[in-house]
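The report below goes through a few local features, one at a time. Please keep the sequence and the 3D view at hand while reading.

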Amino acid sequence: MIADPRAGFVSGDKERLQQIVWNLLSNAIKLTPRGGQVEVVAQRVNSHLEIVVRDTGQGIPPEFLPHVFERFRQGDSGTNRAYSGLGLGLNIVRNLVELHGGTVTAESPGVGRGSVFTVALPLAAIQAPSVHDRVHPAVSRGLTASTLEIGMRLQGLLVMVVDDDPGILEALAQTLSAAGAIVRTCSSAHEALTVIKTWRPAVIVCDIGMPEEDGYSLIRKIRALPREDGGVVPALALTAFARVEDRIKVLSSGFQMHVAKPVQSDELITAIANLSSPPSERF
């Protein structure tokens, strides 16, 4: 087992996440002969936790590979039925992974050449500290001297934070308040639209993936407001998606900046300080 200590945390059901790994691991062990090797690697890749289960066992026939996650499919229905264990278990893995907002893929060079299963799960928006830390979970690396200096530019700044997760809202609010900002939190797009007209924040920090009405819908409605109602307030998007096309969509929809989850306090505070500055003073 190889684990990246910087991998971060995943939000989800502990037992179901264990079941995902156990099903993949038990399949790998079952189909790897004595003397073979099974390897598990957990590492951070962009905004996801990637879990790779690699073995040197039976492998998967090319014609069966596209169907490996289908319910009750059997890879070898002949005399030895070597792949009969790849049916329901892998279908459950795919369903559980997708319920956690992730993806799972299978690769194999062919029969007798082993296989590789890769699970990608989105990291939690806020990284929790170790049990020895005495800081809030939002401050994953602590406020450095440079961050505190930048944070002075947030002193008294009105920042509206929008997220449907109460824990994330509290964590972000505490982090920004520690940097001097005055924070107002909203748990829905509807609430945010009401607040922006009456409270007039200087910067909006908004999650993209929210139920009922997401961040894209909210920013379109904000940009349709008159200037005096907050229609031109600078906005920063929080999202677990960090592909080029995702960044383009964020910026073209009306946000001025994008910060990938899990949120790092240094990056978030710097981004807000930048947005709150006049264009000529931005860095």
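## Helix 6 and its cover

Helix 6, which spans residues 215–223, has as its buried residues Gly215, Tyr216, Ser217, Leu218, Ile219 and Ile222, where buried means under 20% relative accessible area with a 1.4 Å probe and protein chains only. Helices are DSSP runs of H or I with at least four residues, strands are runs of E with at least two, and both are numbered from the N terminus. This is a predicted model, in which local features need pLDDT of at least 70 and side-chain atom pairs count only at pLDDT 80 or more, while totals for chains, interfaces and linings use all residues. Residues are numbered from 1 along each chain as its sequence is written, and side-chain values use heavy atoms, with hydrogens and water left out.

The cover over these buried residues includes strand 6 (158–162), helix 5 (189–199), strand 8 (203–207), strand 9 (235–239) and helix 7 (244–253).

## His100 in its loop

His100 sits in the loop between helix 2 (88–99) and strand 4 (103–107), and His100 counts as buried because its relative accessibility is 15%. A polar atom of the His100 side chain lies 2.8 Å from the backbone oxygen of Leu96.

Apart from neighbours within four places in sequence, His100 is in contact (heavy atoms within 4.5 Å) with Ser11, Gly12, Asp13, Arg16, Leu17, Leu121 and Pro122.

Methods. Buried means under 20% relative accessible area, exposed over 50%, partly exposed in between (1.4 Å probe, protein chains only). A polar contact is a pair of N or O atoms within 3.5 Å; within protein, one must be able to donate a hydrogen and the other to accept it, and residues adjacent in sequence count only if both atoms are side-chain atoms.
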